[in-house]
Amino acid sequence: MAVTLADVAARARVSAATVSRVLSGNYPVAESTRTRVLRAVDELEYVVNGPASALAAATSDLVGVLVNDIADPFFGIIAGAVQAEMVTPAGESGRGGEKLAVICNTGGSPERELNYLTLLQRQRAAAVVLTGGAVEHPDHAAAVATKASRLAASGTRVVLCGRPPIDDAITLAFDNRGGARRLTEHLLTLGHRRIGYVAGPAERTTTRHRLEGHRAALTAAGVEQGAKRLTVHGLYDRASGYDATLELLRRDRSLTAIVAANDTIALGVCAALRDQGLRIPEDVSVAGFDDLPFSADAVPALTTMRLPLHEAGARAGRLALAREPQPPGGVAMVRAELMARASTAPPHG
């Protein structure tokens, strides 16, 4: 038997009118009430039916793009590239027409990510693109997988960009482990042995994978001893890079290199080193990850691992609209490329 609006209202302990307000999004509703209604919708797998629904009639043109923080250039580049693929190029036809890309900023909140996925299912989105490291928690992973299955079952194509693969989704996986390993190997080749590491939030898959790559390189070189003591976690922002660098220097003033989990962190690392009277790279080499637009213009230019973010976002958009064949097994690896610049060089002498 089909689930009705009344069923959702009873489960959420609200009126049917309140459920309608939450689902339409046209009326103010208390956040606690909204959360309760969306949870009931999810639990009951309620879906709008009937051609009379204006919502259902418009959903084929909607593509949701979930990002952690649209203000972060990493996510802005990917989202912009996905959105550009929603427009059919002039002179081309038969590709399903133009789509409306809606950017959903999760703020890194697992609850908000799940709520957006529920809303996009309600809107019968043509496709959903998720980017940004997933939260390292089995309950959240299971919840996302369940929602992806429901979206796929209702005809919504799900694409992951830079996230671990799950069933019922196409995945463009970033080579975070391999890239981080090659970056640290570059420093080891230069003769560095006292290498600090500024990691991102410990609960993120991207953080774990990049840290694993870094430590794998140290282990292979036989210099992994003390690696945990020379690792500091923080946010993926400049302030965390600054504070973490001061902590690393407090732990070991003899460091000759610092690897940052992304380029924004690396900017903070460089600022802290300069404020401590240390030269880059004469005293301490610095390396980042991602090759964001400002990296080549930093002073000195930042050594980093380049992820082709625009290309990955564009491909995710084409996969979302079935304008490109799925990769074998539904998973494709996006490789990182070393960009060796002026921020790394000594201590060889």
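Helix 3, which spans residues 31-44, contains 14 residues and reaches 20 Å from its first C-alpha to its last, close to the 20 Å expected at 1.5 Å a residue. Here the expected span is 1.5 Å times one less than the number of residues in the helix, and helices (H or I, at least four residues) and strands (E, at least two) are DSSP runs numbered from the N terminus. The model is a predicted one, in which local features need pLDDT of at least 70 and side-chain atom pairs count only at pLDDT 80 or more, while totals for chains, interfaces and linings use all residues. Residues are numbered from 1 along each chain as its sequence is written, and side-chain values use heavy atoms, with hydrogens and water left out.

Which residues of helix 3 are buried? They are T33, V37, L38, A40 and V41, where buried means under 20% relative accessible area, exposed means over 50%, and partly exposed lies in between (1.4 Å probe, protein chains only). An α-helix has 3.6 residues a turn, so residues three or four places apart point the same way. After helix 3 comes E45, whose phi is positive, near 55 degrees.

Side chains of opposite charge can pair when their charged atoms come close. The structure holds 20 salt bridges, a salt bridge being a side-chain nitrogen of Lys or Arg within 4 Å of a carboxyl oxygen of Asp or Glu. Three of them are listed here.

| Salt bridge | N to O distance |
|---|---|
| E212 and R177 | 2.6 Å |
| E212 and R208 | 3.0 Å |
| R210 and D290 | 2.9 Å |

E212 and R208, by contrast, both lie in helix 9, four residues apart, about one turn of the helix. R208 is partly exposed, with a relative accessible area of 31%.

The salt bridge between R210 and D290 links distant parts of the chain, with R210 in helix 9 and D290 in the loop between strand 9 (285-287) and strand 10 (304-306), 80 residues apart. R210 is buried, at 2% relative accessibility, and D290 is buried at 2% as well. Elsewhere, salt bridges that share partners join E85, R315, R318 and E324 into one network.
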